[in-house]
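Subject: Handover of a structure and notes on it

Dear colleague,

Please find below the structure that I am handing over to you.

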Amino acid sequence: MITQSNFSLSGADGKLIIGDITFDEKNPNTPIILFVHGFKGFKDWGAHNLVARHFASNGYRYIKFNLSHSGVPVNNPIDVTDMDAFASNTVSKELFDLNAVLDFIEKAYGKNTKVNLIGHSRGGGLSIIEAANDLRINKLITWSAIGDFSSLWKKEQEAEWKKTGKIFVTNARTKEQMPLNVTLLEDFEENTATLNILEAAKRVNIPWLIIHGDDDVNVPFETAQTLAEANSGSRLVKIEGANHVYGATQPYTSETLPPLLFKVCEKVITFINEV
């Protein structure tokens, strides 16, 4: 039987990380997949729970979590509504959270446990940096990954951002204006070398599967090609006709995976199963 258990950890600035683990009760000693959501995303967005069940039914323990400053409140984790937390997020805070979850996995399942890491969009950028530096990562899989954290804002916004201390991004679904404090920009500028995704990509020396849709208007397919060119050992898979989220929506009401997302999951299973 597929079941889900929950966990919580102290994340960046002491803010809580909430997560869940989906697995088959009959087969508890299974390989681990850790999923990292993207910008304006969260662990229960769209079809993420169906994805978790799919991997669990195929013999994996699937772990996902909300980044502490994702803006998803602990007491009502169904959407990005905590704008104070969202505004004060930085990439360094997200990397802190990812390391906290990896520490949790190590303590729960043992030091020799290898983690297969999946990152979507901005979570893909985080995962590339982590995989370049963390020996606990067994294989890396990126879905629609960004190639530069600064691609999430416009260069011409930076002067005004520094002047006013805040800019706003639009939630495409709700049309809400979501604030970003200048600490996000300052963190990126202060840690340019550490947060350089393309440079980290060159240092990834574990198996890496790059998946990207050719109809992605959020992160163009050319970004995936650039990442693949930075690492000759990586493998690029184009998903024909796929958008940034492979046909998923929020909310997602179907009980089956979108066909293109199902294809993505199957390609990941094949990749992880390779010796």
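In these notes, a contact means heavy atoms within 4.5 Å. Helices (H or I, at least four residues) and strands (E, at least two) are DSSP runs, numbered from the N terminus. Please note that this is a predicted model, in which local features need pLDDT of at least 70 and side-chain atom pairs count only at pLDDT 80 or more, while totals for chains, interfaces and linings use all residues. Residues are numbered from 1 along each chain as its sequence is written, and side-chain values use heavy atoms, with hydrogens and water left out.

The helix pair α1 and α9

From α1, the residues Val51, His54 and Phe55 meet Leu261, Phe262, Cys265, Glu266, Val268 and Ile269 of α9. The axes of these two helices, α1 and α9, come within 11 Å and cross at roughly 35°; axes are lines fitted to C-alpha atoms, for helices over the stretch in contact, and angles run from 0 to 180 degrees between N-to-C directions. The crossing of α1 and α9 is right-handed. A crossing is called right-handed if the near helix is turned clockwise from the far one by less than a right angle, and left-handed if anticlockwise.

Phe262 belongs to helix α9. Not counting residues up to four places away in sequence, Phe262 touches His54 and Leu257. Its relative accessibility is 38%, so Phe262 counts as partly exposed. Here, buried means under 20% relative accessible area, exposed means over 50%, and partly exposed lies in between (1.4 Å probe, protein chains only).

The sheet and the helices on it

An open sheet of 8 strands has the order β1-β2-β4-β3-β5-β6-β9-β10, with mixed pairing. Its edge strands are β1 (2–10) and β10, each of which pairs on one side only. Neighbouring strands of this sheet are turned against each other by 20° on average, direction ignored. Two strands pair if DSSP finds at least two bridges between them. Strands of a sheet pair through backbone hydrogen bonds, either parallel or antiparallel. As an example, β3 and β4 run parallel and are joined by 5 bridges. Ile32 has Arg61 in β4 as its bridge partner.

Which strands does α4 lie across? They are β3, β5 (115–120), β6 (137–143) and β9 (208–213), and α4 runs at about 145° to β5. Helix α9 (residues 259–273) also packs on the sheet, where it touches β3, β5, β6, β9 and β10, and its direction makes about 160° with that of β6.

The helix pair α3 and α4

The axes of α3 and α4 come within 10 Å and cross at roughly 65°. On the α3 side, the contact is made by Val91, Glu94, Leu95, Leu98, Asn99 and Leu102; on the α4 side, it is made by Arg122, Leu126, Ile129 and Glu130. This crossing of α3 and α4 is right-handed.

Salt bridges

How many salt bridges does the structure hold? There are 14, a salt bridge being a side-chain nitrogen of Lys or Arg within 4 Å of a carboxyl oxygen of Asp or Glu.

One of them joins the side chains of Arg122 and Glu94 (3.1 Å, N to O). This pair links distant parts of the chain, 28 residues apart: Arg122 is in helix α4 (residues 122–133) and Glu94 in helix α3 (residues 91–109). Both Arg122 and Glu94 are buried.

Another joins Asp44 and Lys64 (3.4 Å, N to O). Asp44 sits in the loop between β3 (32–36) and α1 (48–57), whereas Lys64 sits in strand β4 (residues 61–66), so the pair ties together parts that are 20 residues apart in sequence. Asp44 is partly exposed at 21% relative accessibility, while Lys64 is buried, with a relative accessible area of 0%. Asp44 and Lys64 also belong to a network of salt bridges with Asp20 and Lys43.

The side chains of Glu189 and Lys162 form a further salt bridge (3.2 Å, N to O). Because Glu189 lies in helix α6 (residues 183–190) and Lys162 in helix α5 (residues 158–164), the pair ties together parts that are 27 residues apart in sequence.

With kind regards
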